[in-house]
Amino acid sequence: MKKLNKLIVGLAFVIGLVSCESLDVEPYGFYSDENFYNTVEDAEASVLYAYDALTLVSYAPITYYLTELASDNANVKPSEGADAQAFVNWEVTSQNQLLFQYYRCAYIAVNRANAVIENVPGKGFNEADEKRLMGEAYFLRAWNNFNIVRAFGLAPIQKSLIDRLDETTASLPADMQEVYSFIIDDLTTAIDFLEVNRVVGRADKVAAEALMAKVYLFAASAKESGVPKYDALTESVDDMYAKAAEYAGAVLTGQSEYYFDTDLQNIYDNTVPNGPEHIFIMSMDRSGTQEGDYSKLSKYFIPWIGGSAVYLKNADGSLTKTHDGWSVFQTSNELAAAYEPADKRFSELFVSEVFDAAGNSLGTVSNGVVEYPFCRKYIDPNYEGDKTSTRPYLLRYSDVQLIYAEAAADESGLAEYNQIRRRAGVEELPSLAGLLKADFRKLVVEERQRELAFEGDRLWDLRRTNTVQQNVTKAAGLSPEKVAFFPIPQREIDLNPNIN
Amino acid sequence: MNKNTYLFKLLFTCFFALSTSILFAQNFVVKGLVKSESGETLPGVNIVVKGTATGAITDLDGNYVIKLDDSNATLIFSFIGFKAQEIPVNGKNLINVTLSQEVEGLDEVVVVGYGSVKKSDLTGAVSSVKMDNIPMKPSNSIDGLLQGQSAGVQVTTSSDNPGASSTIRIRGGSSLRGGNDPLVVVDGFPIGYAGDLKQISPSDIASMEILKDASASAIYGSRGANGVIMITTKKGSKNTTEITVSQQSTVSEFTSELNLWRDPVLMARLSNENRINGGFVPLYIGAENANGVYYPSVNELSSGSWPYYTEWDDVVFRNPVSNNTNIAVRSQNEKTQFSLSGTYFTDEGVYIEDDYEKLNANLNVIHKVYDKLTVGTNVIFSKGNRNNNGGLAYWRNPVFPVYIDNDPTKGYYMAGVQDYSHPIALTENKTNTSDFLDFIGSAFAEAQVLPSLKLKSQVNYKFGRSINDYYNPKIYTQDGTFNNGSGGIKNWESKETVSETFLTYDKLFAEKHQFTAMGGFSYQYYTSRSSDLKAYDFLNESLGNENLAAGDPEKQSVSNSLTEIVMYSWLGRLNYTYNDKYLATFTMRADGSSKFGPNNQWAMFPSGALGWKMHHEDFIKNLNVFDELKLRGSFGISGNQGISPYLINSRYGQDQYYVDGRWQTAIGPGYVVDWESHTGKKIWGGIPNPDLRWETTRQLNIGTDMAFFNRRLRVIFDYYNKYTTDLLRERLLSPSSSYDRMWVNDGEIKNRGIELTFDSDIVNTKDWGVTAALILSKNKNEVVSLGDKLASGLNTDAITGMQYEFSGSQIEAFRAIPNILAVGQPVNVFYGYTVDGIIQSEEEGLAAGLDGKLAQAGEFRYVDLNEDGTIDEDDRAVIGDPNPDLIASLNMNVRYKNFDLAMFFNGSFGQDILNTKAFDQPSNMPLRWTLDNQTNDYPSLRDGRNYYMSDWFIQNGSYLRLQNVSLGYNINELNLSWFKRGRVYLNATNLFTITDFEGYDPEIGTDGIYWGGYPKLRKWTLGVELTF
């Protein structure tokens, strides 16, 4: 019996020994909330992940489906899918997959920014680093929320990192005031935290000021023009114009890193991503391994020209090599007609004739070889196959100049407006005499179409000035609500009981 | 690993505490002769003094001598295949014994989880497969040998590649994402899931038991839901030393001709017709195509002026030969059972230089240290290597020569610059080899603590490693061309420790109440890790992947990963038998697994079963019909946790972002879990689910075991109903959450079925023996729920309202996923359009609701199922079911004197196959629709046709196959002192198949998709087995 007792004691001991071992297994080989955000390098990588969301294939190129195809700037290739046709035809439904991709990616970017905002403070990082990283995260959250409100109107605002099922069903904001307060607060913090510090692919204080100006301008003109739901904004239209002018003015006069580029083609020179005008530019490089790391943006704009390399003639007579494209975004007649014949922004930035390496013409728009005059803002002469470094221009100095001109709508604004027209080689407006502020603002918005064509702004300009129906034939008969906001994607409606 | 060292130390301490020694004086001698009922003397009969370890065996003439210390002892005579007899000595010095042949099965002991039980006392559904009873067909792994041996077990071997594995399903699939492979337990060591049991040589296996119902499998708790296969390896026995040498040589051939172009003129003509109808420039016009490849014109081919004709299958295929040599030494004496065996196996694939080689060694020692303490160890070592040279282009165009001008010195003839399928160029220039090593070791100690209480502790360790080397040269391969040379090394390694200790209490009370109670615990720790080294852009490729540093340093890539799983379990079982009539079994297991969330880390898996041996009741005895009539019923719960670990953790993604002119690492919430199959868009996951738990399967089993005619006919019937809930699946999330998917437990599936086994000894005399076993299994599978329609993102069938989701990946030819999971349907049914013939005129096509090219004569006439006047996606329906209605097998054995003949038929009935090669084959392309041949069977040839997924491609996959025939001759009467017995046999597998299916072979994967390829192999094996 003694032996048995010994044995039972021994057995109990063995069992006890094994059982006290925990069932928790540490994650290995991947990062998670349990092992990340410990160092400033972690925080840095986390901010970059938020920037990286902007480059997603289902975000960066999709932007143009919304802003250009649904505007009067472009038509889509006839054989492109039904979801793309729907933008041109203003038949976008909640089932539209492109719209879904855009919506989801904007929230991915927001969540990544929230991860920084939630995890970086209180980790004892150097204050300068912490402010810079937090400032960028606030900027990015505002950037993406601004995209969401411009595209969808009232959609859920994600104010914190989502890592539980019960956090995945956010409610809608009460009204536009809640949305804009949130965006403006974020940008105020970003401007406060950031310094002027140009790094290609990242945002600094100037970018935050530029975005703030753009947000105020959108809000001011939308409220002024009676865009649905914008009457909820509590600030007066004039105050908001004034704020837009104030922040735009800070960009134009408060720093010297970014400035007006006198050479039109230089702005779009792919080899110079740090040109004077590039306040915020998306960073992609042809050495990347997957699309998003590298860009195929050029392929969308360039028509198919026999599948081989072609050469484009530059203003100075030199040639720039490029691959041909997929003919997706086809320049509309309305856009071409918006330019005066002398306008260099058409003659130098749209291509109607292509050449071989020796400079012999391969064909033109008139003889049908070039399907349509195509935009050459996204050309990478050093392309590798489909891989390019073509980068979306997110915030450009001239954009801020026009924001200022429109917001101020005074003589100082006229000067900015004229500087841009001068560069384009078209006649300047001698004075504001005889023009109401509203008349001048209308001219600026028209100028924005020409200056910022295919830079992802046109539909937003039409929306905030409540002129979609006037300018886009296919939208002519639609209700103000319908043209002001795209529908919330069906999956959100299906799976988020709190938004109805 | 520290814990195990502790375990060892502790156990050994315990054993020393138990040590006792007994000395006997042996002075009483008993002699005698042992014969069979037919009068033959029996050599090798085991004689043991009851209650001791003292024993002897009969010599070659059947004589024995044994010394006893007690003239009133009882002797037990036992011999394989004969009933054991107990004879009291009663002071006699001469005891002659006649042993009667054992009637099949009754007192056979079968292995169940954590113990064994007499077959007659089973209350659960357990099948036992004795390897001696099944023909030794050539097989790399044991999975294939199980085919047709047990009711309810479906074994599919869809590939003949060397080292290819089989799929095993026990009573249907009960999981969608959690895995359906049964658990495999080798000598008490749960080594993992079935499917690739290459570590164990089939010749080292003594028996396999299949635990099918919950009463049997629930003791394995959260891993038992798919059933359990218990493998027992061969041990030393028969109180003698035996050396067995066996050798198998196998040569294989295709079962049918290849369906390839043998008439290049016809091929060219039809190709031109196909392209012209599709609006393309024809190829065979005696000119170079866009890729610069010259295609001869039809005239050149028909006039014979084109000098080349290559039958690429002759270049690519061979009649493969495989060899299996096994040497085993097995020995037993009073104290020790010893078995050492080695197997050397080489296998050739049907493709040239597609080779496989494997070496297995198995050492098994069981030693009685003291009367009440037994220790043992089992060590399996396996190493092998594989030269992967499969997938060569046997389908290559016959008008191309192998070499330029048919002259090997001029180099390979390549069809254009983007030709990546030249089989000889690939064979000679590409590297793809794997090398693997496995070690499985276990040690146990078993102590008889009290007369009725046994303690067993077993520690198991498994190690597996594989290395894959590959190099794709700058020319001949796509990967190599795009990357200017591409090479790498992939390493993988896994380790697993399982430590289990349990007590068994076994006692008979008042001669009527038999109790067996078992209780114990189990600890399991598994880890696997991998690393992957890749290099591109090689400066010089003469070394291949031997020097990855020769690649461009900026393009090298490395990755690694590790997986860790911990599991603890408590388990127990109680068996109670009253008066050998009424049986009851209760089991319970509690599992705690690191795979599951803190809120659901532990689970209980109970089961209970009752049995009634009615043949011991007088009212049945009086019928004089049944030799056995047992009713069994069981119910229990088992689980499935076959998902990857870490789903309860948040998981961050990693990418790179180009900042300030260089790539920098970016990390944050959300990672890419998958890519959409049709758009290639990223699918984002990484949100943790702390509530995640195992899938739960409730299973009811009702069965009877019957025996008639002096047990010469035995019938086993089982009905089961398996209901699985909490299926592990991914749900969709609202896009504003930034995640697409999250793992949840949602969905239900059920499997019901019946299993029937008839087993009979038709003739059994000294010279003649005929046995036959017929096994029938029918399983009906149904998806009951796929969770919330919206959260699961289910589609709705336009006509029936049926909810479904697609399952599997898209087939390029149809631009559609053919299989769906649909509520109310079996898993993986086919979904698509219906075709009722071929359109004979455009009017007919337009009237059928088609337009454009699809309305032309010669196109498929799709049916407008919803009758809305147009053919669109709403006209799709369930058009086939790849699950068989019935699986049947018949095993017949005939013995005449020393000859034996075994035949094994295997059949599967009622399943549909999606034959992706139903058209566009050399055999049926000439039957196409043309103006001159307005057939209703085949469409016209039109390159670029967009084929809809339709029932035109669905074919009946039923088949009956003569799977195996074996003819053997046994040598056992040579009366040589050095030679015990021998056997020579000839074995043929896959002799013929009866089927309506038009492809090469209907035995394909569980999704029912047939991809073409090449015919199955027929294997001829000559085997010799000699025992000394």
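**View 1. Buried residues of helix H3 in chain A**. In this predicted model, the buried residues of H3(A) are A:Ile62, A:Thr63, A:Tyr64, A:Tyr65, A:Leu66, A:Thr67, A:Glu68 and A:Leu69. The helix spans residues 62-69 and is mostly covered, with 8 of its 8 residues buried.

**View 2. The segment of chain A annotated by UniProt**. An unreviewed UniProt entry assigns the feature "domain: SusD-like N-terminal" to residues 64-217 of chain A. Within residues 64-217 the chain is 61% helix and 2% strand.

**View 3. The nonpolar cores**. The largest nonpolar core has 262 residues, of which A:Val116, A:Phe139, A:Leu211, A:Ala213, A:Ala244 and A:Ala248 touch the most other members. Apart from neighbours within four places in sequence, A:Ala213 is in contact with A:Ala244, A:Tyr247, A:Ala248, A:Val251, A:Val400 and A:Ile403. B:Val45, B:Tyr64, B:Ile66 and B:Leu75 are among the 12 residues of a second, separate core. In soluble globular proteins, nonpolar side chains tend to be buried together.

**View 4. The contact between chain A and chain B**. Chain A contributes 67 residues to the contact and chain B contributes 58 residues. On the side of chain A that touches chain B, at least two residues come from each of helix H1 (2-19), helix H2 (40-54), helix H5 (97-119) and helix H20 (490-495). H1(A) provides the largest share of that side, 12 residues. Sorted by class, the side of chain A that touches chain B comprises 37 nonpolar, 15 polar and 15 charged residues.

Methods: Residues are numbered from 1 along each chain as its sequence is written. Chains are lettered from A and ligands numbered from 1 in the order in which they are written. This is a predicted model: local features need pLDDT of at least 70, side-chain atom pairs count only at pLDDT 80 or more; totals for chains, interfaces and linings use all residues. UniProt positions are given in the numbering used here, feature names are shortened, and annotations may be inferred rather than shown by experiment. Helices (H or I, at least four residues) and strands (E, at least two) are DSSP runs, numbered from the N terminus. Two residues are in contact if their C-beta atoms, placed from the backbone, lie within 7 Å. Ala, Val, Leu, Ile, Met, Phe, Trp, Tyr, Cys and Pro count as nonpolar, Asp, Glu, Lys and Arg as charged, and the others, Gly among them, as polar. A residue is buried if 20 or more other C-beta atoms lie within 10 Å of its own, exposed if 12 or fewer, and partly exposed in between; C-beta atoms are placed from the backbone. A nonpolar core is a set of buried Ala, Val, Leu, Ile, Met, Phe, Trp, Tyr and Cys residues joined through C-beta atoms within 7 Å.
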